[in-house]
Amino acid sequence: MTEIFIDGDACPVKEEVYAVAARLGLSVVVVANQPIRVPRDGGVQMVLVPEGPDAADDWIAEEIRQGDIVITADIPLASRCLARGAHALGTNGREFSTDSIGQALATREIKASLREVGASVGGPAPITAKERSRFSSALDAVAQRALRLAH
């Protein structure tokens with residue numbers, strides 16, 4: 001059965017994930033290193049991992065299976081999940097693929113290098129209602145495809 005894993009510490013679209021998952025009958029695993037309030041019903045589970053860099057990412061990368069879906073803004077985590085045959089969707093609704101992940105990793109490295117030398121590359125802008133809707137549509141499409149492929 002397809003599951004949705006959320007890299008939960010800074011995910012701005014958890015409510016949208018819960019809504020899509022409930023409509024499609026999918027379970028959700030929220031992984032974070034601090035407690036996050038999750039719905040009591042609807043197949044949502046909270047997994048608390050130890051503090052530390054990449055602890056949530058490592059847990060997700062170990063537990064995710066082929067056909068599952070990860071929701072993350074973390075490009076290296078998306079890459080690790082794709083390598084295991086999972087689907088990876090950014091919190092902006094952009095689906096990562098084996099074809100696009102290399103470019104995303106390269107862009108991430110360039111931005112990290114710029115930050116190291118003091119350049120301001122900015123962070124993500126606050127998510128708008130239109131972007132939330134776009135994310136929900138993208139997740140619905142990815143989940144429907146994952147369910148079809150699972151059968």
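This is a predicted model: local features need pLDDT of at least 70, side-chain atom pairs count only at pLDDT 80 or more; totals for chains, interfaces and linings use all residues.
I started at Phe5, which is buried at 2% relative accessible area; buried means under 20%, exposed over 50%, and partly exposed in between, with a 1.4 Å probe and protein chains only. Numbering runs from 1 along each chain as its sequence is written, and side-chain values use heavy atoms, with hydrogens and water left out.

**Rings.** I looked for aromatic pairs and got one. The rule takes rings of Phe, Tyr and Trp (its six-membered ring) with centres within 6.5 Å; planes under 30 degrees apart are stacked, over 60 edge-to-face, the rest tilted. Phe5 and Trp59 have ring centres 6.3 Å apart and planes at 50°, so I put the pair down as tilted. Phe5 sits in strand S1 (residues 3-7) and Trp59 in helix H2 (residues 55-63), so the pair ties together parts 54 residues apart in sequence. Helices (H or I, at least four residues) and strands (E, at least two) are DSSP runs, numbered from the N terminus. Trp59 is partly exposed, at 27%.

**Sheet.** Next I followed the strands and found an open sheet of six, ordered S3-S2-S1-S4-S5-S6, with mixed pairing. Two strands pair if DSSP finds at least two bridges between them. The edges are S3 and strand S6 (95-96), each pairing on one side only. S1 and strand S2 (residues 27-32) run parallel, joined by five bridges. Back at Phe5, I found Val29 of S2 opposite. H5 packs on the sheet, touching S1, strand S4 (69-71), strand S5 (87-89) and S6, and its direction makes about 175° with that of S5. Contact here means heavy atoms within 4.5 Å.

**Helix pair.** I then checked helix H1 (residues 14-24) against helix H5 (residues 129-150): their axes come within 10 Å and cross at roughly 35°. Axes are lines fitted to C-alpha atoms, for helices over the stretch in contact, with angles from 0 to 180 degrees between N-to-C directions. From H1, Val17 and Val20 are among the residues that meet H5, whose side includes Phe135 and Leu139.

Last, I looked up Asp54, in the loop between strand S3 (44-48) and H2. Asp54 has a positive phi of about 65° although it is not a glycine. I have Asp54 down as partly exposed, at 44% relative accessibility.
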